[in-house]
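Have the viewer open and follow along.

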Amino acid sequence: MLKIAFHSIYKHPLPEGHRFPMEKYDLLPKQLVYEGTCDANNFFEPVQVAHEHILRCHTTEYVENLKALAIDLRAQRKTGFPLSQELVDRELIITQGTIDGCHYALENGIAMNIAGGTHHAYTDHGEAFCLLNDQAIAARYLQANELAKKILIVDLDVHQGNGTAEIFAGDDSVFTFSMHGKANYPFRKEISDLDIALETDTGDAEYLDILKKTLPNLIKEQQPDFIFYLCGVDILASDKLGKLGCSIEGCKERDGFVLQTCYDLKIPVQCSMGGGYSPDIKVIIDAHANTFRTAQSIYF
């Protein structure tokens, strides 16, 4: 069975007119159940992640200040969210959802998190809607518990995974691969183990051709025993915060290629949703739902 991390806290209240489409975390699981892709048994509710797991990726000072709501206003503005206890609780629960998903992925081949993909969180600060780096923390968890040795992070969000790159800089046991929009945030990018920066308006054919030529060779070269897939849908041409030109069909084909590759090679994969900022919330939900539909069709 496809296991999916979800908690009602994922939909966090934001000020009127905020550009982050928080309602997608409420609508996406409802859509998956409504259409029959999933039922209530697919979903599990995570609790808050243990302090020790976070500290494998983030500094003690940052984590303690975050939990004490002692982040200064300038640093809060950098995250894009007003700091509150509920927001911090949300981040802790999302992160545990990704860790729990790793166990389900080891059992079933794949697991998903309705949220997550918080790849702009650095060791000592948050940025761009990201406070704790869920997949980085989960990668370190797997290694600390001897559940995986070599890990590959496949980040196909339109924005470079700058925080993830910084966290694992110089660490050969975690390979960071980011394929993103060249002209997109962050404007000062970090150095991943492999960065592919795509030109503005790159469409389906070129995007998929590059991915299909890159990922199998990368897996063959690195021989990971676990993969994290950040499957942001902000590669769509309609996305407000992205500058690529992919269609919903192309985005679905992307997911299908990545997941089929993991399935064929029998490499467990944990998926976190990442970004999606199209003006029409229906487009965001449909694009994200395609990832779950695709997982069901390949694995189950």
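What joins the side chains of Gln270 and Gln135? A polar contact of 3.0 Å does. Keep in mind throughout that this is a predicted model.

Gln270 sits in strand S8, which covers residues 269-272. Is Gln270 buried or exposed? Its relative accessible area is 0%, so Gln270 is buried, the cut-off being under 20%.

If you select what Gln270 touches, skipping neighbours within four places in sequence, you get a list that includes Thr98, Gly101, Cys102 and Ala105, and then Ala111, Met112 and Asn113. Gln135, the partner in that polar contact, is on the contact list too, as are Phe226, Ile227, Phe228 and Tyr229. For a sense of distance, take Gln48: it is 222 residues from Gln270 along the chain, and the two C-alpha atoms are 18 Å apart.

## H5 against H6

Helix H5 spans residues 85-108 and helix H6 spans residues 134-144; their axes come within 8 Å and cross at roughly 50°. An angle like that falls between the roughly parallel and roughly perpendicular ranges, so H5 and H6 are oblique to each other. The crossing of H5 over H6 is right-handed.

On the H5 side, the contact uses Thr95, Thr98, Ile99, Cys102, His103 and Leu106. H6 brings Asp134, Gln135, Ile137, Ala138, Tyr141 and Leu142. Sorted by class, that makes seven nonpolar, four polar and one charged residues. Some names return from the previous section: Thr98, Cys102 and Gln135 are also among the residues in contact with Gln270.

## H10 and its two partners

Helix H10 (residues 281-299) packs with helix H1 (residues 24-35) at an angle of about 55°, and the axes are 10 Å apart. That pair is therefore oblique as well, and the crossing is right-handed. H1 contributes Lys24, Leu27, Leu28, Gln31, Leu32 and Glu35, while H10 answers with Ile281, Ile284, Ile285, His288, Ala289, Phe292 and Arg293. The tally for this contact is eight nonpolar, two polar and three charged residues.

How do H9 and H10 cross? The axis of helix H9 (residues 248-265) comes within 9 Å of the H10 axis, with a crossing angle of roughly 30°. The limit for roughly parallel is under 35 degrees, which means H9 and H10 qualify. H9 passes H10 in a right-handed crossing. From H9 the contact takes Ile248, Lys252, Asp255, Gly256, Leu259, Gln260, Cys262 and Tyr263; from H10 it takes Val283, Asp286, Asn290, Thr291, Thr294, Ala295, Ile298 and Tyr299. By class these are eight nonpolar, five polar and three charged residues.

## Zooming in on Val283

Val283 lies in H10 and takes part in the contact with H9. Its relative accessible area is 23%, so Val283 counts as partly exposed. Beyond residues up to four places away in sequence, Val283 touches Leu236, Ser238, Ile248 and Ser278. One of these, Ile248, is on the H9 side of the helix contact.

## Backbone spots to check

Most residues other than glycine have a negative phi, and most peptide bonds are trans. Where is there a cis peptide bond? One joins Tyr185 and Pro186, with omega at about -5°. Pro186 is in the loop between strand S5 (174-181) and strand S6 (194-198).

Two non-glycine residues to look at for positive phi are Phe129 and Asp201. Phe129 has phi near 70° and belongs to the loop between strand S3 (110-113) and H6. Asp201 also has phi near 70°, and its place is the loop between S6 and helix H8 (204-222).

Which of the two is buried, and which is exposed? Phe129 has 10% relative accessibility and therefore counts as buried. Asp201, at 59% relative accessibility, counts as exposed because the threshold is over 50%.

Methods
Residues numbered from 1 in each chain as written. Predicted model: local features only at pLDDT ≥ 70, side-chain atom pairs only at ≥ 80, totals over all residues. Heavy atoms only, no water. Helix = DSSP H or I, 4+ residues; strand = E, 2+ residues; numbered from the N terminus. Buried < 20%, exposed > 50% of the residue type's maximum accessible area, 1.4 Å probe, protein only. Contact = heavy atoms within 4.5 Å. Polar contact = N/O pair within 3.5 Å; in protein donor to acceptor, adjacent residues only side chain to side chain. Axes fitted to C-alpha atoms, helices over the stretch in contact; angles between N-to-C directions. Parallel < 35°, antiparallel > 145°, perpendicular 65-115°, else oblique. Left-handed = near helix turned anticlockwise from the far one by under 90°. Nonpolar A, V, L, I, M, F, W, Y, C, P; charged D, E, K, R; others polar.
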